[in-house]
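Subject: Structure handover

Hi,

Here is the structure for you to look through. My notes on helix packing and a few single residues follow it.

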Amino acid sequence: MPHIVSHRQQFQGNRNCENMTLTTVAIGLMATLLGQASARDLFPLHHHRHDAPRAEFRDLQDTGSLYNVEVAGISLMDVDTRIPDIVAIHNNAPFQVSAVLVWEEEVFVGDSSNILTCEMIVNGVVVDTGSIDLVESRALPQTIDCGTAAVSSSGTQTIGVNVTVDASERSYNRDYQSFKAGTSFIPLLVVLILAATTQMVELSLGSGIFLGCCMITGTVTAGFRTMLDTYILEALASVDHAFVMLFILFMSGLVGIIEKSGGLLGITEALRGFVKTPRSAQLAAFAAGCLIFFDDYSNCLIAGNSMRPLCDLAGVSREKLAFIVDATAAPIASMTPVSAWVGFEIGLIQQELNRIHTLYDEPTVPDSGFGVFLQTIPYRYYCMFMLFFMLSSILAGRDSGPMLIAERLNRIYGRTDGGDGRALAVDGEALVSHNEPAPDTPCRWWNMAFPITMLIVYIFYLLVYTGKDPSNPDQTFLEIIEASDSFSALLWGTMAGALTATAFYFIQDKYQGRIIWFNVRGYLNKARRTFKSFRRIQEPDDEGQIETHPKILIRYDEAMSAFMIGMEKIFQSLVTLILAWASGQIMQAVGLNRLFGAIITSPGLDYRMLPTISFCISILIAFATGTSWGTMTIMFPLIVVPSYEASSGDPNIVYGVIAGILAGAVAGDHASPISDTTILGAMASECKLLNHVKTQAPYAFITAMWSILVGTIPSGKGSLNNGICILLGFLASVFSTTLPAAAPINKTGRFDVVTELYILITKNEYLLKLKEDTKKVFETGETLVSPKEADETTKITNDMTKHLVGDEELASSDNSGAGDGEGDEIPEATTAPHESTISAISEVGPEDPLPGEDAVNAGMNNLANSTLSA
């Protein structure tokens with residue numbers, strides 16, 4: 001007998017009509033995009049949504065009418081994990097089919113039977129039938145459960161329903177693709193393999209999306225169309241995503257204005273006296289990340305952009321800066337009670353607490369989501385251990401693995417441009433700023449400090465403004481922050497910050513290397529001169545254009561141009577971010593989240609391991625989907641209530657499970673190449689994305705390992721007190737960043753333990769050469785010329801030599817007619833400058849701003865002079 005239920009059973013405990021109608025619209029739109037429904041099928045539903053936005057049913061009892069019903073669509077839900085709206089089927093995994101009904105206006109032509117019958121059909125075979133009596137209640141159902149089924153073979157499966165009531169008989173069919181559950185790993189593996197082999201993130205993400213779309217549609221052509229008009233388009237059309245993109249654009253525009261004003265250079269110069277070493281520069285970046293605690297996006301963009309010049313000057317690699325920026329953002333924001341994350345996290349917690357208090361008579365956990373949120377903070381081992389790990393690494397001055405190599409390349413070769421990990425332009429060349437301050441612009445620190453301070457004030461104020469409830473005068477400050485609209489606050493705050501910065505620069509005039517505030521007399525004189533002569537205040541003299549009067553720090557046209565240049569810089573990162581969002585959606589579409597969910601809900605697990613399991617599965621889902629918030633949304637309904645049941649209501653297990661979800665989502669986000677914060681951290685630090693991922697992922701893995709070994713396992717089993725677990729995590733973090741790690745420059749040139757083992761096995765010549773160069777720098781105290789710079793310099797000098805010698809021979813041939821070009825030798829003087837070039841490079845000190853560039857310029861000058869003299 002099929003599982004057909006009446007509307008009273010179907011909607012008991014859930015009468016949110018607005019959500020159900022939106023679900024109906026979403027199902028209809030999905031059917032249309034997949035080519036299984038026409039616009040005509042959608043129109044009645046769309047009309048119903050606007051005519052009665054809160055109407056779930058109509059009272060038709062005792063009217064004597066004849067019913068007429070339409071089936072607007074069907075939706076599938078995975079039975080094991082309760083994940084709704086699945087678009088692909090896993091073999092042998094049971095799924096539940098629901099039909100979405102739209103009732104036409106009643107026709108008074110006779111008495112109704114009030115009997116609704118339903119058939120569920122799979123590949124033309126009726127697998128379930130049943131009926132319901134509409135007289136049982138006064139409300140007509142908007143959705144009905146048509147039964148449960150499963151398929152055992154891969155390929156196209158046609159799922160359909162037939163609904164009959166009175167003379168109205170309607171059917172609806174839709175094709176789904178089915179495959180083995182393990183197949184859902186393939187798109188993720190393609191992304192990771194292509195990213196590792198091609199070093200092209202956009203190609204890797206696009207290939208994963210395309211392959212996933214082909215899996216859920218069944219054909220290449222349909223997969224291509226679905227990739228573009230469904231997943232990428234929805235990634236762009238999402239309101240939340242649009243907020244994030246506009247926030248990023250406005251924030252980058254603000255940074256562009258600050259750069260044009262000389263604020264970036266000014267604060268770098270001001271802090272140069274305090275930040276003299278790589279350690280102090282990294283500590284400054286870490287402190288900035290901790291201070292901007294209210295939002296992870298703001299944290300990444302503000303800390304990355306403001307600390308980048310300072311860290312470059314101190315010789316810190318872009319990889320290390322990106323790690324500090326990225327790894328402080330989410331852990332700080334997720335644990336701070338006053339942040340943009342809190343409202344979202346508490347909402348998820350509260351939803352599960354409500355379920356627990358509904359299902360159990362005497363629950364053992366509080367009914368306050370905020371109270372449980374505070375209880376979970378001591379159990380978020382990964383977030384705490386990552387901050388311990390980072391601080392210990394900075395203070396010890398040691399690193400491991402790819403991060404050690406990146407730092408060593410910067411230090412021993414005297415790089416102050418960010419190193420090989422710095423982001424490149426689209427053409428593969430180094431990023432060149434076209435937004436430098438004018439030569440006569442005084443670079444002052446306050447032109448960055450004031451706009452950034454006002455930005456923080458605006459965002460924090462707007463968080464409070466959007467969270468206030470006028471109808472609740474007793475609302476506490478924390479409740480206000482929890483209820484705030486962080487997306488709107490970020491969007492409004494960044495634009496307000498940009499306008500404030502522009503106005504701030506308008507009240508400053510520059511004149512002969514100094515700033516004049518509120519130059520009212522100058523404004524009046526300028527107006528008088530303009531009125532009298534209608535010409536600019538600049539007058540040429542014998543030496544060219546010389547400014548004879550003070551002028552505004554940044555003109556309006558310059559500010560607008562700088563704003564646009566700032567936004568232009570991050571276009572490529574926005575493309576990557578959009579592809580990452582689409583990739584996360586396709587990972588869920590192929591069922592990767594269901595695969596992980598089935599592991600969690602499998603019977604026979606020791607409930608004391610649930611905190612560890614929830615942490616590990618959250619890492620995998622966040623790594624695969626690239627979204628920590630999406631991971632939390634998936635995991636909370638899957639595991640919180642079952643964990644409460646399995647542990648007989650043990651509060652410590654429940655807190656540990658919730659904390660495991662929240663911390664695991666952050667950990668997976670740190671290691672994922674498609675994570676939005678990973679991309680933002682790399683973007684703000686102007687670091688290559690793959691360089692950032694491959695240097696940060698090992699640190700995330702080490703921290704996650706200690707979180708399990710000394711955190712979730714002993715605390716879950718009750719073998720250690722939670723305070724002891726935190727202490728052990730701190731000691732483990734210190735150990736990991738001292739004994740196995742190594743300093744970038746040391747006496748023996750040794751690497752960390754793992755890298756040394758790799759060198760021992762592979763005999764890698766590049767790393768062996770780097771080891772020898774490290775010894776030389778330690779002994780001499782002078783930086784070296786990197787092999788890459790030497791090769792580039794050799795190429796430049798050879799090309800320049802050929803060019804200059806060719807010109808000289810041509811001139812000689814024209815004047816004297818001597819020589820036919822055969823057997824002519826290059827003059828001796830033209831071959832020597834290469835040695836002078838290398839010598840000039842080797843003499844560059846570590847304190848020079850750009851050793852590579854200065855050396856090449858010096859070499860080119862020597863080359864040109866000696867060639868001309870020859």
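Start with helix α9 (residues 278-291) and helix α14 (residues 381-396): their axes come within 8 Å and cross at roughly 155°. Axes here are lines fitted to C-alpha atoms, for helices over the stretch in contact, and angles run from 0 to 180 degrees between N-to-C directions. α9 is therefore roughly antiparallel to α14. For angles, under 35 degrees counts as roughly parallel, over 145 as roughly antiparallel, 65 to 115 as roughly perpendicular, and the rest as oblique. The α9 and α14 crossing is left-handed. Left-handed means that the near helix is turned anticlockwise from the far one by less than a right angle; clockwise is right-handed.

From α9, the contact uses R279, Q282, L283 and F286; from α14, it uses L387, M390, L391, I394, L395 and A396. Contact means heavy atoms within 4.5 Å. By class, 8 of these residues are nonpolar, 1 is polar and 1 is charged. Ala, Val, Leu, Ile, Met, Phe, Trp, Tyr, Cys and Pro count as nonpolar, Asp, Glu, Lys and Arg as charged, and the others, Gly among them, as polar.

Before the rest, some ground rules. This is a predicted model, where local features need pLDDT of at least 70 and side-chain atom pairs count only at pLDDT 80 or more, while totals for chains, interfaces and linings use all residues. Residues are numbered from 1 along each chain as its sequence is written, and side-chain values use heavy atoms, with hydrogens and water left out.

Overall picture:
- The protein has 34 helices and 13 strands. Helices (H or I, at least four residues) and strands (E, at least two) are DSSP runs, numbered from the N terminus.
- Of its 870 residues, 51% are buried. Buried means under 20% relative accessible area, exposed over 50%, and partly exposed in between (1.4 Å probe, protein chains only).
- Take contacts between residues at least 6 apart in sequence: 76% of them join residues at least 24 apart.

Helix α7 (residues 239-261) packs on helix α21 (residues 571-589) at about 160°, with axes 11 Å apart. This pair is also roughly antiparallel. α7 passes α21 in a right-handed crossing. H241, V244, M245, I248 and L249 of α7 meet L574, L577, I578 and W581 of α21. That contact has 8 nonpolar residues, 1 polar and no charged ones.

Helix α13 (residues 369-376) has a buried set: G369, F370, V372, F373 and T376. They span an arc of only 160° around the axis, so they lie on the same side of α13. The arc is that of the directions from the helix axis to the C-beta atoms.

- A396, in α14, is partly exposed at 29% relative accessible area. A396 touches R279, T737 and T738, not counting residues up to four places away in sequence. A396 and R279 are 117 residues apart in sequence, with 8.6 Å from C-alpha to C-alpha.
- G566 is in helix α20 (residues 556-569) and is buried, at 5% relative accessibility. Leaving aside neighbours within four places in sequence, G566 contacts S252, G253 and G256. G566 and G253 are 313 residues apart along the chain, yet their C-alpha atoms are separated by 4.4 Å.
- T774 sits in helix α30 (residues 765-780), buried with a relative accessible area of 0%. Not counting residues up to four places away in sequence, T774 touches R408, I412, P744, I745, N746 and G749.

Best wishes
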